[in-house]
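Hi everyone, thanks for making time this morning. I'd like to walk you through a structure, so let me put it on the screen.

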Amino acid sequence: MISTIEANNLINEKSPYLLQHAENPINWYAWSDEAFNKAKEEDKPIFLSIGYSTCHWCHVMAHESFEDEEVAEIMNDNFVAIKVDREERPDVDSVYMTVCQALTGHGGWPLTIIMTPDQKPFFAGTYFPKEPKYNIPGLKDILNSIIKQWNENRSKIILSSEGIISDLNKYLEGEFNKVELAPKILRNGYNQLLHIFDEKYGGFGSAPKFPTPHLLMFLLRYNQEHKESKALEMVEKTLDSMYRGGIFDHIGFGFSRYSTDNKWLVPHFEKMLYDNALLIIAYLEGYEVTRNELYKDVAIKALEYVFRELRSEDGGFYCAEDADSEGEEGKYYVFRPSEIIKVLGEEDGKYFNRYFNMTPKGNFEGKNIPNLLENSEYYILNNRIKDLSEEILLYRSNRMELHKDDKILTSWNGLMIAALGKAYKVIEDIRYFEYAKKAVNFIFDNLIDENKRLLARYRDEESRHKAYLGDYAFLCYGLIELYESCYDITFLKKAIDLNNDMINLFWDNEKHGFFLYGEDGEKLIARPKELYDGAMPSGNSVAAYNLIKLSRITGDSTLEEMAEKQLNFISGSVFGEEVNHSFFLMAASFALNHGKELVCLIKDKSDEEKLKDLISEIPTFNLTTIIKCSDNKDEIEKLIPFIKDYDFINDKSTYYLCEGKSCLAPVNDIDELRKLLEKY
């Protein structure tokens with residue numbers, strides 16, 4: 001039973017996740033000095049719960065325990081309870097998730113930590129039911145046991161927490177192997193992926209299967225550089241299978257977070273902005289290499305989903321849509337065949353059900369997730385299905401509502417800007433550029449403070465939290481992609497400035513690599529450097545990619561040296577586990593393989609449009625391009641000094657191409673440039 005007491009301390013927060021708990025009978029606090037001071041004054045341990053608003057098991061634990069009066073009484077009498085939104089505070093989440101993984105061997109959300117008033121943990125876990133079940137201890141029993149130990153065995157708890165902190169800092173500050181970046185790192189990554197590739201259904205490993213688009217992006221680069229057909233085969237099989245399965249929403253488009261089975265049929269239904277942004281990039285890059293129209297169509301559909309459901313009127317992009325509706329996971333997305341026939345009529349309904357393999361038996365708890373796993377004509381454009389799907393989408397939207405996490409995160413918006421930049425470059429739809437530009441303007445108008453410091457989160461007209469490494473790295477990545485789609489130097493300049501700020505705030509001058517939070521950030525019990533490229537790439541991997549990209553674009557030797565330090569730092573940390581660092585492998589591929597630098601002196605606008613058309617047609621993963629024209633001459637020469645030495649030949653647009661640190665003879669003709677790009 002939910003208490004009728006007044007709202008707790010979370011009622012004044014902006015995070016949708018924290019607000020979901022604002023009327024719990026537990027007297028929750030946000031992560032704050034107030035909470036820690038209260039714990040010290042009352043001599044109570046802290047119960048820390050970390051999650052996010054679209055997390056299914058967070059909802060389950062909230063309903064079972066945090067809305068329960070009996071649990072609330074135990075918590076309020078004996079603990080100071082703190083709630084953290086992991087998406088707002090990745091620094092807090094990272095530190096305590098590392099603790100949980102070290103103590104239990106696994107992690108996830110909701111994350112449950114019990115710690116001393118000075119933030120030192122002594123108990124960690126994830127989801128706990130109120131009472132013991134499924135071989136999982138009950139939260140009530142855990143709390144009562146800890147109360148007993150806190151009162152009777154305090155010194156043992158303190159000693160345990162001190163040991164955990166000592167081990168944590170040794171782990172985070174440990175000596176990394178000194179391994180210089182070398183091509184074998186790319187071969188290792190490829191061979192590891194080959195070993196775990198699912199030949200039947202695509203993807204890597206067994207259930208649950210995560211899309212991890214940067215694995216596919218690395219393989220596309222490996223295929224291009226090494227002419228390894230198996231690398232492309234793995235990408236195509238995975239792109240096809242993910243689209244055909246239920247992880248892709250065939251009615252309203254967009255991708256769910258992961259598949260609970262090995263054939264991509266049953267998803268964990270929440271939809272995240274970052275997943276869709278990265279998958280859009282992966283499908284577009286797949287299209288660049290294969291020219292398979294299906295991949296372009298999937299990317300366009302995913303973009304349409306994001307625009308319809310996750311784009312704010314002001315131009316920023318929201319975080320996510322929930323997995324649950326009306327208390328059930330996936331209920332919003334599933335149908336009975338009779339329901340479809342009732343909406344579409346007998347003939348169209350039966351046709352629709354056959355097309356998406358919807359049966360009376362169902363494929364998910366007696367209902368159906370629309371999918372194309374049994375449809376051999378999935379790759380053919382079907383206008384009849386398109387029209388019928390729009391009818392079902394309207395019906396579905398009116399049937400029930402999904403919770404939307406409508407905060408705007410700088411980091412995830414950076415990834416979406418990158419996706420839009422790639423989409424504009426490949427598809428050349430001006431709408432994608434306009435949406436990207438508006439998102440950039442939103443961030444620079446709303447998420448920069450009076451000290452010109454980037455901030456991490458915006459919601460309900462409030463910007464908060466000093467930005468973390470991921471915010472800087474992902475936004476810089478987005479700005480570079482956007483620059484490479486339009487060659488507007490404004491975006492390149494922003495990327496360079498942001499990259500410089502990132503170095504000043506996060507770089508470890510002693511041991512190299514970037515810390516998760518800035519030197520001006522809140523000091524936690526540890527200062528981690530995240531390297532693991534999971535569902536989302538690490539800030540360190542993306543920073544490495546940005547450094548090597550910007551050094552090649554600008555010719556800045558300082559950036560080149562820093563890129564080398566960063567790449568070597570990560571190499572020493574990931575050797576033997578390259579498969580878990582796929583975005584880093586993209587950066588390494590860019591650094592190790594023959595890069596191409598193209599400097600274009602443009603006489604008139606028509607030549608610039610021809611150049612953009614050419615670059616949209618050729619997969620050029622290791623190409624950097626600079627355009628100098630009358631409109632930007634002074635500014636670009638100031639930003640990139642070496643370009644002053646380039647001039648027109650024959651008084652025509654002139655293209656200078658260098659490959660592998662060797663420059664070719666300049667050409668005036670765009671078709672000659674095409675031949676050079678295709679040859680080298």
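This is a predicted model: local features need pLDDT of at least 70, side-chain atom pairs count only at pLDDT 80 or more; totals for chains, interfaces and linings use all residues.

Let's look at domains 1 and 2. In the contact, domain 1 contributes 10 residues and domain 2 contributes 11. Together they bury about 880 Å², with 44% of that on carbon and sulfur atoms. On the domain 1 side, Pro16, Thr54 and His56 provide 54% of the area buried against domain 2, more than any other three residues.

So what about polar contact across this interface? Eight residue pairs make one, both residues being at pLDDT 80 or more, while the count of salt bridges between the two domains is zero. Helix H1 (16-20) and helix H3 (56-66) are the elements giving two or more residues to the domain 1 side.

Now the hairpin. Strand S4 (residues 111-115) runs antiparallel to S5, joined by four bridges, and Ile114 sits opposite Phe123 in S5. Five residues lie between the strands, and Gln119 has a positive phi near 75°. Four of the five residues of S5 (residues 121-125) are buried.

Last, there is an open four-stranded sheet, ordered S17-S16-S18-S19 with mixed pairing. S17 (623-628) and S19 (662-663) each have a single partner strand, so one side of each lacks a neighbour in the sheet. S16 (residues 596-601) and S18 (residues 654-659) pair antiparallel over six bridges, with Val599 partnering Tyr656 in S18.

Terms used:
Residues are numbered from 1 along each chain as its sequence is written. Side-chain values use heavy atoms; hydrogens and water are left out. Buried means under 20% relative accessible area, exposed over 50%, partly exposed in between (1.4 Å probe, protein chains only). Two strands pair if DSSP finds at least two bridges between them. Contact means heavy atoms within 4.5 Å. Buried area is the accessible area (1.4 Å probe) that two parts lose on being put together, summed over both. A salt bridge is a side-chain nitrogen of Lys or Arg within 4 Å of a carboxyl oxygen of Asp or Glu. A polar contact is a pair of N or O atoms within 3.5 Å; within protein, one must be able to donate a hydrogen and the other to accept it, and residues adjacent in sequence count only if both atoms are side-chain atoms.
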